[in-house]
Amino acid sequence: MGRKVLVVDDELDMRIYVTTLLETNGYVPLSATDGREGLEMARRHKPSLIILDVMMPRMGGIRMYLELKRDPELAGIPVIMLSAVSRKTFLSSRNLLSRSEGMELPPPAAYIEKPPESDQLLQAIRETLGEARQ
């Protein structure tokens with residue numbers, strides 16, 4: 001059985017695209033529609049990797065990322081951010097949240113802007129999971 005990868009994105013089309021890509025490449029995809037549901041799924045299933053959108057209702061990706069890194073049981077799960085928000089804007093928001101929360105947030109394993117190329121996303125997944133081909 002493949003490794004579990006949690007996809008957290010409020011866009012149905014993106015969840016279908018990414019989970020199908022994962023499934024056809026031997027992974028076991030799980031999906032959630034926002035940060036709150038994503039946190040619950042992460043606690044319940046302990047995925048090997050989380051692919052996380054930034055802009056979502058109820059709980060956005062930056063807040064979920066902060067909550068993951070605060071939780072000792074989840075902090076070690078690598079996260080790939082996948083968003084229409086530019087990397088620069090994400091990093092600025094991450095820094096502001098880090099300061100307001102008094103916690104230094106580490107950078108995600110990778111940051112990919114939407115729409116992702118399937119090869120680019122698969123490469124980031126494989127590298128993050130230590131499966132990259134030499």
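Helices and strands here are DSSP runs, of at least four residues (H or I) for helices and at least two (E) for strands, numbered from the N terminus. On that basis Arg58 lies in the loop between strand 3 and helix 3. The model is a predicted one.

1. Arg58. Phi of this residue is near 65°, a positive value in a residue other than glycine. Most residues other than glycine have a negative phi. Arg58 counts as exposed, with a relative accessibility of 55%.

2. Lys46. A positive phi of about 45° is also found at Lys46, again not a glycine. Lys46 belongs to the loop between helix 2 and strand 3. Its relative accessible area is 38%, so Lys46 is classed as partly exposed.

3. Pro115. The peptide bond from Lys114 to Pro115 is cis, and its omega is near -5°. Most peptide bonds are trans. Pro115 sits in the loop between strand 5 (110-113) and helix 5 (118-128).

4. Strand pairing. Strand 3 pairs with strand 1 in the parallel sense, over four bridges, and Ile50 in strand 3 is the bridge partner of Leu6. Strand 3 is also joined to strand 4 by three bridges, and these two run parallel. In that pairing, Leu52 stands opposite Met81 of strand 4. From strand 3 the chain crosses through helix 3 to strand 4, a β-α-β crossover that is right-handed.

5. Strand 3 faces. Which residues cover the two faces of strand 3? Leu49 and Ile51 are buried on one side, and Ile50 and Leu52 are buried on the other. In a regular strand the side chains alternate between the two faces of the sheet.

6. Largest core. The largest nonpolar core has 26 residues, and those touching the most other members are Leu6, Val8, Ile50, Leu52, Met64, Leu68 and Met81. Two or more residues each come from strand 1 (4-8), strand 2 (28-32), helix 2 (35-45), strand 3 (49-52), helix 3 (61-70), strand 4 (79-83) and helix 4 (87-101). Helix 3 gives the largest share, five residues. In soluble globular proteins, nonpolar side chains tend to be buried together.

7. Beyond its neighbours within four places in sequence, Leu68 is in contact with Leu39, Ala42, Ile50, Leu74, Ala75 and Val79. Another core, of 18 residues, lies apart from the largest one; among its members are Val18, Leu49, Ile51 and Ala124.

Key: Residues are numbered from 1 along each chain as its sequence is written. This is a predicted model: local features need pLDDT of at least 70, side-chain atom pairs count only at pLDDT 80 or more; totals for chains, interfaces and linings use all residues. Side-chain values use heavy atoms; hydrogens and water are left out. A nonpolar core is a set of buried Ala, Val, Leu, Ile, Met, Phe, Trp, Tyr and Cys residues joined through side-chain atoms within 4.5 Å. Buried means under 20% relative accessible area, exposed over 50%, partly exposed in between (1.4 Å probe, protein chains only). Contact means heavy atoms within 4.5 Å. Two strands pair if DSSP finds at least two bridges between them. A crossover is right-handed if, with the strands pointing away from the viewer, the path from the first strand over the helix to the second runs clockwise.
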